[in-house]
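Okay, thanks for having me. I'd like to walk you through one chain today, so let me put it on the screen.

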Amino acid sequence: MPLGQRIDCGEAKYAGVSLHCEADIVQSLQDCLECGFDFLVAPLASSPERRPAPVPQTPGQAPPPPFAPSDMLLSSAQWSSQVVGRVSSWIDLDSPDLALRRDSEVALAQELAWAGHLSQQACILPPPPRGLRCARYARALNHALMTQPNMALWVTLPLAPPAGEEEKEDEAGGSAVAVDPPSAADDPWEWWHLLRCACDHSTRLCVALDVSRLPAEPAEPSLERWRGENLRAVFLDAALFKPNRHGHWVLSKRLQSVLGEAFAYGVQVALTVDGGRCFKNETSREAVPEESSSSSSAPAPSRPVAFASPPSPQVLDLGQREGLKARWEYLSYLFRKAPPAGAGETSAGELGYRDYLQSPLQPLQDNLESQTYETFEADAIKYTSYEEAIARALRDTLLTRARNADGEQAPITPPEYADPSFSLTADDGNAPPCHVRRPPLLPPPCAPEDAEAIVAVVGAGRGPLVAAALSAASKTGVRVHVFAVEKNPNAVLTLQHRHSLDGWAGRVSLVAGDMRDWKPRRQVDVLVSELLGSFGDNELSPECLDGAQSVLREGGICVPQSYASFLAPLSTHKLWTDARGFKEVERFETPYVVRMHRARVLAPPQRVHEFVHPAPQPADNERCASLSFSVDGQGASVCHGFVGYFDTELYGGVRLSIVPETHTPGMNSWFPIYFPVHAPFYVPKDSTIEVTIWRKTSRHKVWYEWLVTSPVPSVIHNPRGRSYYVGL
Ligand SMILES: C[S@@+](CC[C@H](N)C(=O)[O-])C[C@H]1O[C@@H](n2cnc3c(N)ncnc32)[C@H](O)[C@@H]1O
């Protein structure tokens, strides 16, 4: 049964039990399901002991006993959807002991073949027993991925390094390991990196982290380092639950926070149950420290039960089942109360965009569709910000004109229809923000020749910025005439309807055509556009506005005034392997717009380049920036490319941003943009990533090229725009 009804945590709503004992699989699965869990991780082999490789049989000799329980114990549907097989942990393919190696090879092949026979979707594998010395293990995994094309392999790894550290009891009674950072050889992430490189970044090779051992305090345990990796499951020893003073079975705050991350990343949790051992503490009524106890709103406690030594083979008795159920209830409680995962998606439709690669729009070359405009228009924050910026631009237009006429700053009396809350004096920084969407306001009709200010909305789409301009005029009391210029004939049709239905007659003139060809009779005071892409200039705002700029009078104002692009290195197995799925050379030389979720930004974003409007003409719209990112963190990482963002100053201090640190609250018009690399590269701990990115232009197109120069040189991506460009 799902842990809760939330839609934002993906597969994390399904929790499991991982059995680490010889058990009756039928009864264990039933116990697991009855206690609320959705799947059982069970050993593939009947015995956890080393199994000698079978020797050739002599005629008449009895075959060796079966190494696994019969597949007829469960239906094939149960084997494939409710049971996940686990490979024997004694297997050691890199052992110096030749006999153990041989037994291991045979046993691994047997068990994986048996899991395939059972149509299992995934199979759990032990950590490489010798850490980085795992070449044979890596080869065996790669071989299994090739021979079992429908099965995923989840390699178990400890969250904290296991080898030889001084251990101490943590607050929850579990073990914690010393704080010293692990050497590369002791770092489970390095083992993982070796295995996944050997398996060519297969999407079916996954990580299952065992979080039962945490780093010693004060280090904060975190899954952040694994966010961009193919992490699918988290294992947690069921014995780490403790009764708090109310008698609820709870986890320490540190484990709660780790599970919160797992839920947010859509990672499934499985409780490791070692027969009755994990429930033995339930005889204890000692309260755990306040800091680790749950609030009183935790689920009602199950009856604490005293246990005798567990029966063998291990079947949970009634009390133990209650202990298991209490743990599921607590997981469900944590799941339901965990903060929202991701960027505030509220519907399943929005969730569908998570980590989904989209080609950037080309609004100049292509004609956008109705549903694309509809999506833009749903973002109220964007348009209220524009309205505010246009209002400030109108006010400054009139102030400048009055100043020029009188030689000094003259107060302007607003007409009676103006919004009294809007000041027409110089900006004192207290202008009211337009955060609340009101019914559209209309200023009085005004012919172009009578207008105090001419506003042109270039690239008007279906007209939301025209409405924002009229509303700003109404608010400021400035008599305006608005020109709406649009080259998409289908959007022009909508503008025509709005012209008659929305009271635009006498206030708005429609111009169907390319803004670069428009020659108005009177120059405009305020040139409004929204031609921005996720990387700022990538939808050709600079080129379009250069072409339209001649319509702006001397001293006129552009909204936006400027925009800048930002870049940061990114670790993201999911996006890179999805890009690889596109097969052609273009796949790694095309930027993709994507709402990122399972991606880790390796260093804070840096400013790449900027455009300012109006721009000195003839404008040079080529740019080149070399950036150096210091990557420090919990250890080495892998870089799969770069994430791009932009911010813009619309006018007079009104800004929009999709850079995480300054993101405009509530605005969702733009997702970040992903620039992949041909080959993911290893980034040593405390090292530097250097990248150079070019914006190149020619008569007919604009494109980006990017080159990594450190820590390892890459090829130049997208030379001469061979794979991706934006058509002019
Ligand atoms: C990103 S959309 C914005 C539309 C609208 N302003 C909004 O905010 O919903 C950009 C619009 O500019 C139009 N456009 C792009 N280049 C243009 C050009 N050179 N001349 C006229 N319209 C252009 C596109 O057709 C599209 O409708």
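I'll begin with the ground rules and the overall counts, then go through a few spots.

So, this is a predicted model, where local features need pLDDT of at least 70 and side-chain atom pairs count only at pLDDT 80 or more, while totals for chains, interfaces and linings use all residues. Residues are numbered from 1 along each chain as its sequence is written, and side-chain values use heavy atoms, with hydrogens and water left out.

Overall picture: the chain has 14 helices and 29 strands. Those are DSSP runs numbered from the N terminus, with helices being H or I of at least four residues and strands E of at least two. Of the 728 residues, 55% are buried, and buried means under 20% relative accessible area, exposed over 50%, partly exposed in between, with a 1.4 Å probe and protein chains only. Contact here is heavy atoms within 4.5 Å. If you take contacts between residues at least 6 apart in sequence, 80% join residues at least 24 apart.

Now a helix pair. α4, residues 135-147, packs with α5, residues 188-198, at about 45°, and the axes are 9 Å apart. Axes are lines fitted to C-alpha atoms, for helices over the stretch in contact, and angles run from 0 to 180 degrees between N-to-C directions. Who meets whom? From α4 there are Y137, A138, L141 and N142, and from α5 there are L194, L195 and A198.

Next, the open sheet. Five strands pair in parallel, in the order β16-β15-β14-β17-β18, where pairing takes at least two DSSP bridges between two strands. Which strands stand at the edges? β16 (508-512) and β18 (552-559) do, each with a single partner strand, so one side of each has no neighbour in the sheet. On average, neighbouring strands are turned by 20° against each other, direction ignored. Five bridges join β15, residues 480-486, to β16, and A484 has L510 as its bridge partner in β16. Helix α12, residues 489-501, packs on this sheet and touches β15 and β16, with its direction at about 160° to that of β16.

Two single residues next. T400 sits in helix α10, residues 380-406, and counts as partly exposed at 34% relative accessibility. T400 and G555 are 155 residues apart along the chain, yet their C-alpha atoms are separated by 9.2 Å.

Then H640, in strand β24, residues 637-651. Is H640 buried or exposed? Buried, with a relative accessible area of 0%. Leaving out residues up to four places away in sequence, H640 touches a list of residues including H573, W576, Y674 and F675.

Last stop, towards the end of the numbering. β27 (residues 687-697) and β28 pair in the antiparallel sense over eight bridges, and the two form a hairpin with three residues between them. Strand β28, residues 701-710, is mostly covered, with nine of its 10 residues buried. β28 also pairs antiparallel with β29, residues 726-727, over two bridges.
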